Amino acid sequence: MAQPSSGPTGGQEPAEESTWWTNHYRCPCCRHQWDDGWDAQVDDDCPECGMRSISAYFSDDGSGTEEERLRQLERADAELEQEQQLEAAPRPGV
Ligand SMILES: [Zn+2]
(Lines give C-alpha, C1' and ligand atoms only; values in the text may rest on other atoms or scores of the structure.)
Protein backbone atom coordinates (compact mmCIF):
# COMPACT_ATOMS: atom_id res chain seq x y z
CA MET A 1 0.00 0.00 0.00
CA ALA A 2 1.33 3.39 -0.97
CA GLN A 3 1.45 6.16 1.54
CA PRO A 4 -0.43 9.36 0.76
CA SER A 5 2.13 11.48 -0.99
CA SER A 6 1.68 14.68 0.91
CA GLY A 7 -0.33 16.71 3.37
CA PRO A 8 -2.60 15.83 6.23
CA THR A 9 -5.34 13.29 5.63
CA GLY A 10 -7.96 15.89 6.56
CA GLY A 11 -11.59 15.23 7.35
CA GLN A 12 -11.32 16.28 10.96
CA GLU A 13 -12.87 19.52 12.08
CA PRO A 14 -11.72 21.17 15.26
CA ALA A 15 -14.33 20.55 17.90
CA GLU A 16 -13.87 23.86 19.65
CA GLU A 17 -15.24 25.70 16.62
CA SER A 18 -18.86 24.80 17.37
CA THR A 19 -21.14 27.73 18.04
CA TRP A 20 -22.60 28.27 21.49
CA TRP A 21 -26.18 29.45 21.17
CA THR A 22 -28.24 31.28 23.68
CA ASN A 23 -31.77 30.17 22.91
CA HIS A 24 -34.73 32.19 24.10
CA TYR A 25 -38.03 30.46 24.73
CA ARG A 26 -41.53 31.44 25.63
CA CYS A 27 -44.10 28.88 26.64
CA PRO A 28 -47.27 29.18 24.53
CA CYS A 29 -49.17 27.55 27.35
CA CYS A 30 -48.29 29.53 30.50
CA ARG A 31 -46.24 32.29 28.83
CA HIS A 32 -43.24 31.64 31.00
CA GLN A 33 -40.06 32.99 29.43
CA TRP A 34 -36.56 31.67 29.85
CA ASP A 35 -33.31 31.27 28.01
CA ASP A 36 -30.75 28.54 27.92
CA GLY A 37 -27.33 27.92 26.46
CA TRP A 38 -26.86 25.10 23.97
CA ASP A 39 -24.38 24.17 21.27
CA ALA A 40 -27.36 23.84 18.92
CA GLN A 41 -30.71 25.43 18.31
CA VAL A 42 -32.83 22.91 20.12
CA ASP A 43 -36.32 22.65 21.52
CA ASP A 44 -36.74 22.82 25.25
CA ASP A 45 -39.37 21.91 27.84
CA CYS A 46 -41.15 24.53 29.92
CA PRO A 47 -39.75 24.51 33.45
CA GLU A 48 -43.02 25.93 34.77
CA CYS A 49 -45.81 23.81 33.31
CA GLY A 50 -43.78 21.04 31.68
CA MET A 51 -44.96 21.64 28.11
CA ARG A 52 -42.62 19.77 25.79
CA SER A 53 -40.70 20.61 22.65
CA ILE A 54 -40.99 24.37 22.62
CA SER A 55 -39.00 25.91 19.82
CA ALA A 56 -36.72 28.82 20.57
CA TYR A 57 -38.25 31.97 19.14
CA PHE A 58 -34.86 33.58 19.08
CA SER A 59 -31.33 32.24 19.17
CA ASP A 60 -28.19 34.30 19.34
CA ASP A 61 -24.75 32.97 18.67
CA GLY A 62 -22.96 35.53 20.78
CA SER A 63 -21.82 37.57 17.80
CA GLY A 64 -22.42 41.29 17.63
CA THR A 65 -22.78 43.61 20.54
CA GLU A 66 -24.99 43.12 23.55
CA GLU A 67 -27.09 46.04 22.36
CA GLU A 68 -27.63 44.48 18.91
CA ARG A 69 -28.67 41.18 20.41
CA LEU A 70 -31.02 42.91 22.79
CA ARG A 71 -32.65 44.76 19.92
CA GLN A 72 -33.05 41.56 17.89
CA LEU A 73 -34.49 39.83 20.90
CA GLU A 74 -36.99 42.62 21.46
CA ARG A 75 -38.09 42.43 17.84
CA ALA A 76 -38.48 38.65 17.96
CA ASP A 77 -40.34 39.09 21.23
CA ALA A 78 -42.79 41.56 19.71
CA GLU A 79 -43.36 39.33 16.68
CA LEU A 80 -44.04 36.34 18.87
CA GLU A 81 -46.41 38.39 20.99
CA GLN A 82 -48.41 39.33 17.88
CA GLU A 83 -48.41 35.74 16.63
CA GLN A 84 -49.68 34.39 19.91
CA GLN A 85 -52.36 37.06 20.16
CA LEU A 86 -53.60 36.05 16.72
CA GLU A 87 -53.64 32.40 17.71
CA ALA A 88 -55.43 33.20 20.95
CA ALA A 89 -58.09 35.24 19.18
CA PRO A 90 -61.48 33.53 19.20
CA ARG A 91 -62.31 31.97 15.86
CA PRO A 92 -66.00 32.26 15.05
CA GLY A 93 -67.71 29.15 13.82
CA VAL A 94 -65.25 26.63 15.22
ZN1 LIG B 1 -45.34 26.61 30.47
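Helix H1 is hardly covered: of its 23 residues, the number counted as buried is 0. Here a residue is called buried if 20 or more other C-beta atoms, placed from the backbone, lie within 10 Å of its own, exposed if 12 or fewer do, and partly exposed in between. Across the protein chain of 94 residues, 10% count as buried. The model is a predicted one, in which local features need pLDDT of at least 70 and side-chain atom pairs count only at pLDDT 80 or more, while totals for chains, interfaces and linings use all residues. Residues are numbered from 1 along each chain as its sequence is written.

The expected span of a helix is 1.5 Å times one less than its number of residues. The 23 residues of H1 should therefore span 33 Å, and the end C-alpha atoms of H1 are 32 Å apart, which agrees.

The protein chain holds 1 helix and 3 strands, and reading along the sequence gives the pattern β-β-β-α. Helices (H or I, at least four residues) and strands (E, at least two) are DSSP runs, numbered from the N terminus.

The 3 strands form an open sheet in the order E2-E1-E3, with antiparallel pairing. Strands E2 (33–38) and E3 (58–60) stand at the edges with a single partner strand each, so one side of each has no neighbour in the sheet. On average, and ignoring direction, neighbouring strands of this sheet are turned by 20° against each other. Two strands are said to pair if DSSP finds at least two bridges between them. In general, strands of a sheet pair through backbone hydrogen bonds, either parallel or antiparallel.

Strand E1 (residues 21–26) is joined to E2 by 6 bridges, and the two run antiparallel. Along this pairing, Thr-22 has Gly-37 in E2 as its bridge partner, and Tyr-25 stands opposite Trp-34 in E2. E1 and E2 make a hairpin with 6 residues between them, and Arg-31 in the turn has a positive phi of about 65°.

Finally, how do helix and sheet meet? Helix H1 (residues 66–88) packs on the sheet, touching E1 and E3, and its direction makes about 170° with that of E3. Axes are lines fitted to C-alpha atoms, for helices over the stretch in contact, and angles run from 0 to 180 degrees between N-to-C directions. Contact requires that the C-beta atoms of two residues, placed from the backbone, lie within 7 Å.
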